[in-house]
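Visitor: I have a model open and would like to go through it with someone. Can we take it step by step?

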Amino acid sequence: MGRKLRVLLIMCLLVSGCGKGPEILTDIENKKALVSINYPVTEVSELDEAISSYINKVKNEFKRNNYKGKPELNISYTYKEVNSEIINVSILTEIVTDKTINKIKTFTYNKNTNKFLTMDDIVDDLDVLDYDIKKEMLKKYQNADMDYLSSASYDFFTIDDDNLTIYFNPAELKTTDSNLVYLDIPLDSLNLLIDVDKQEETTNYTNFKKKTISEEDKVVALTFDDGPSKYTKDILDILKRYDACGTFFLIGNKVSFYGNILKEMLQNGNEIGNHSYDHKYLTRLSENEVKEEVSKTQEEIKRVTGFTPKLFRPTYGGYNNTLKSYIDLTFVLWDVDSRDWEVKNTEGIMNNVLKDVKAGSIILFHDNHEYSVKALPEVIKELKKRGYKFVTVSELLELKKIREGQ
Ligand code: ZN
């Protein structure tokens, strides 16, 4: 089995050139636990192996712990191509049970020398800096453990356009709160041994393609959660081919990774909605945390596409009035669930959609599975045969308003 799979994988790489550059893998589960895992696959094998073996370790520990109730495992990431050679990735783990545990692990890898880098490889005179860093840490975290801090090494760090950020796991630093302990050091203030390329983002506003829908039309809205992903482009191509459209509820942390696809998404007459930044279970979060999950996603989508979403879909479909009062966007659920993640095949997906669909339906799919992509042409063809036209959720809501006004 293992060998067959490996041969298949190698074949796939040789024949179709599966390598399309880095991607973000998303794994969302809602069975015994609420699990949301997002992480980059860089196609640099040694780095990918290190990342995935770390994630497997975290997942296995989580499973072994057998937490009561519906525990949550959220794994998110940051990804930065520091320059043409160096990639910096951080993996952030949050475990929510009766208390919350946060952990971080970072990887900095030089593709040309095939080496993992430490802070010593990045910053000159770390010995001299050491005193200032620790002084700043003590100022920021007054209840930190002095003994630990004095001997702490700088194992975890990220680099963005402005700062080098050093992280310490809270459990080790013995601070009283469970949030990650970190210190931002402006890049300008450091003697760096490497170049840091700043990312340039263009913002160009894209208008929706206008569709001709009349009031009498029998319409449905196809919706896709948890993207963008490496399958998004295929979904867009299918929608275009069949003159259909969809509404994509995106996870904020993946948005910048697939920026170009998102522009195309809007140009083709699709709509983008907000599905939170890290796909946490939102009703467990504080007002500030919820607002941050939503606003960070709004900002990312705006920055990358120029478009500001008006729609929100709560993660796992979970919401209450308190959550609604925190979010100033239109909540959109669904009345038809393809359960694509569960049935995993075209026939099952077709059955689930067709048994419940009616004029005005909002149909739920997911944008991170191959079987959803495979089923989509069949679903669209059958719906068309039954006389349905496709609109975005905003268009659907607009149409409902017009009809109710009469
Ligand atoms: Zn989701």
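Guide: What follows is a short exchange about a predicted model, covering its metal site and its domains.

Visitor: Which residues coordinate the zinc ion?

Guide: The donor residues are spaced D-x48-H-x3-H in sequence. With their donor atoms at 2.1 Å, they are Asp226 (OD), His275 (NE2) and His279 (NE2).

Visitor: Is His275 buried or exposed?
Guide: His275 gives its NE2 atom to the zinc ion. Buried here means under 20% relative accessible area. His279 is buried, and His275 is likewise buried.

Visitor: How far apart are the centres of domain 1 and domain 2?
Guide: Domain 1 covers 6-16 + 203-403, and domain 2 covers 23-189. Taken over C-alpha atoms, their centres are separated by 30 Å.

Visitor: What area is buried between domain 1 and domain 2?
Guide: In the contact, 15 residues of domain 1 meet 20 residues of domain 2. Phe257, Arg284 and Tyr316 supply 37% of the area that domain 1 buries there, more than any other three residues. Carbon and sulfur atoms give 54% of the total, which is about 1600 Å².

Visitor: How many salt bridges are counted between domain 1 and domain 2?
Guide: Eleven residue pairs are in polar contact between the two domains. On the side of domain 1 that touches domain 2, the residues divide into six nonpolar, three polar and six charged. Glu23 and Lys230 form a salt bridge through their side chains, at 3.5 Å from N to O. The count of salt bridges between the domains is three.

Methods:
Residues numbered from 1 in each chain as written. Predicted model: local features only at pLDDT ≥ 70, side-chain atom pairs only at ≥ 80, totals over all residues. Heavy atoms only, no water. Donors = N, O, S within 2.8 Å, 3.2 Å for Na, K, Ca; no water. Buried < 20%, exposed > 50% of the residue type's maximum accessible area, 1.4 Å probe, protein only. Domains from an automatic or database assignment. Contact = heavy atoms within 4.5 Å. Buried area = accessible area lost by both parts, 1.4 Å probe. Salt bridge = Lys/Arg side-chain N within 4 Å of Asp/Glu carboxyl O. Polar contact = N/O pair within 3.5 Å; in protein donor to acceptor, adjacent residues only side chain to side chain. Nonpolar A, V, L, I, M, F, W, Y, C, P; charged D, E, K, R; others polar.
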